[in-house]
Amino acid sequence: MKKLILTLLLCTTIGQSYSQKKPNVVFILADDLGWADVSLYGKTKLYETPNLDRLAARGMTFTRGYSASPLCSPTRSSILTGQTPARTGLTAPEAHLGKVVLQATLKENATPGSKAIITQSVTRLDTKYPTLGKQFKAAGYQTAHFGKWHLGSEPYSPLEHGFDVDMPHTNGPGPSGSFVAPWKFKDFSEKYDHEHIEDRMTDEAIAWMRSIDKTKPFFLNYWQFSVHAPFDAKESLKKYYRTKVDLSDPQHSATYAAMVHSMDEAVGRLLDELERLGVIENTIIVFTSDNGGNMYNAITDELPDGTKYLAPPTSNRPLRGGKATMYEGGVRVPTIVSYPKVAKPGSISNEIVQSTDFYPTLLNLAGIPLPKNHVIDGLDITPALKNGKLERDGIITFFPHNPAVPDWLPAAVSVHAGDWKLIRMFNQGKNQEHEYLLYNLKWDIGEHNPLNDMYPEKIIELDKIIEKHLKDSKAVIPVKNPDFDASKYHPENIGVQKGGYKGAKKIEIN
């Protein structure tokens, strides 16, 4: 009887101890994982993500989660700073390149066939920012970063941005050499033949959680390499998914499906460990992706009978476009937030949230004051986590670049406001004025029917939101190319598949 009472007292004490602690934070960021690449939204038949379903059952799934950019590094900077790429100037994934640029500028010139001179992106996340890592560390949190960074090598690595640990301490755009060992990381090698990098990163993250001071909270940044190129996976998983492939399904790469599988397994192992440690109820878990799915590379796959075929990595249908495009397929991403004290298990929200929102939300939930003299573009989404509404004019996506990808669009900026989405294409209209594409996503989630002619007043209304943010953020925006030669302008030849930008009716903006 005494033992029973002692045990009950001990359990009660432990429970009270956990309830009095600040919440831990685990931030899981997938790389290039599309909105339709997970089972959460019922858009895939091939890919299996049971652990994301498990995480969703613990918290809230957002149907309209957005990255701040259709490419990785700008979104990563938005998570850490709470600022849009328009404000930071970090608008392109160039952190692995040699040149250090800390202030956005305009390119010196443009080709005669280009209507606009575009922006030169910042190439490193400046250490002047009070990043999430710094804020949590200053509040007494134990901090660690595992996986991809792509915001700059030393002196711009995670170690200079508030993280006590950084592994594998690399700044490349993807896993070095391969997902499956042998790798080519500097000073970081596999422990056994054919080790998968996500298995290793999860091992290291778990080992770190077991080793740290249990009386202090922790902030764990696990930014996965998955499912970025190069495209390879465990052979056993590829064999399994070959038996599931249906070539009539837009998603028909067995290799990519296997990559998604390993990504999901890593999430499951982290959940298992949080449960084993007894801290999952007091841990805020965020899962999202840095941009939409990659649909423009090619993977050599094979069927069970050995027949080889070329497959795109994925399809974002019913969304249009993908990574590096301003359409929904480039920016709408799977998003889950689990925190039992705030979000009802298994809940769903249709509120618009963006990667900039995690900065104020996580700090506020942890009871950490927001830094002074630091403008935050994101919104604390706690009301949405409590099944409420968010009061916001709209979210801004700033992408002043024009990579030649499927569903190509010129350098642009967009705003999402309610069901409406407006894309402003810089200097693409008559006399090199701005041009616009207006969509209602409730009526047309695939963005195939611009409503410019029917709702010109909506274009004016939404463009004011865009203009206000560009001015407020002091964004460096594209300008007219003085050397433009109309005879050399052939947008119909840009991109690698049909459906790209063909021009839209000009709407006068006063």
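Buried means under 20% relative accessible area. By that cut-off, strand S15 is mostly covered, with 6 of its 6 residues buried. The model is predicted.

- The open sheet has 4 strands in the order S14-S15-S16-S17, and the pairing is antiparallel.
- S14 (395-399) and S17 (435-440) are the edge strands; each has a single partner strand, so one side of each lacks a neighbour in the sheet.
- On average, neighbouring strands of this sheet are turned by 15° against each other, direction ignored.
- Helix H12 (residues 456-472) lies across S14, S15 (412-417), S16 and S17, and runs at about 65° to S16.

- From S15, Ala412, Ser414 and His416 point one way. Val413, Val415 and Ala417 point the other way, and all of these residues are buried.
- S14 and S15 run antiparallel and are joined by 5 bridges. Here Phe398 stands opposite Val413 of S15.
- S15 pairs with S16 over 6 bridges, again in the antiparallel sense. Val413 has Arg424 as its bridge partner in S16.
- The hairpin of S15 and S16 has 2 residues between the strands, and Gly418 takes a positive phi near 60° there.

**S16 and S17**

- Strand S16 (residues 420-425) runs antiparallel to S17, and 6 bridges join them.
- Trp420 stands opposite Asn440 in S17.

- S10 (residues 299-302) and S11 form an antiparallel pair over 4 bridges.
- Ile299 has Ala311 of S11 as its bridge partner.
- This hairpin has 5 residues between the strands, and Gly306 takes a positive phi near 95°.
- Side chains alternate along S11 (residues 308-311).

**Helices H6 and H8**

- Two packed helices are described by the angle between their axes and the distance between the axes.
- H6 (residues 197-211) packs with H8 (residues 254-277) at an angle of about 15°, and their axes are 9 Å apart.
- H6 and H8 are therefore roughly parallel to each other, as angles under 35 degrees count as such.
- Their crossing is right-handed.
- H6 residues in the contact include Glu198, Asp199, Ile206, Met209 and Arg210. Among those from H8 are Arg269, Leu270, Glu273, Leu274 and Arg276.
- The residues of this contact divide into 7 nonpolar, 2 polar and 7 charged.

Methods: Residues numbered from 1 in each chain as written. Predicted model: local features only at pLDDT ≥ 70, side-chain atom pairs only at ≥ 80, totals over all residues. Heavy atoms only, no water. Axes fitted to C-alpha atoms, helices over the stretch in contact; angles between N-to-C directions. Parallel < 35°, antiparallel > 145°, perpendicular 65-115°, else oblique. Left-handed = near helix turned anticlockwise from the far one by under 90°. Contact = heavy atoms within 4.5 Å. Nonpolar A, V, L, I, M, F, W, Y, C, P; charged D, E, K, R; others polar. Buried < 20%, exposed > 50% of the residue type's maximum accessible area, 1.4 Å probe, protein only. Pairing = 2+ DSSP bridges.
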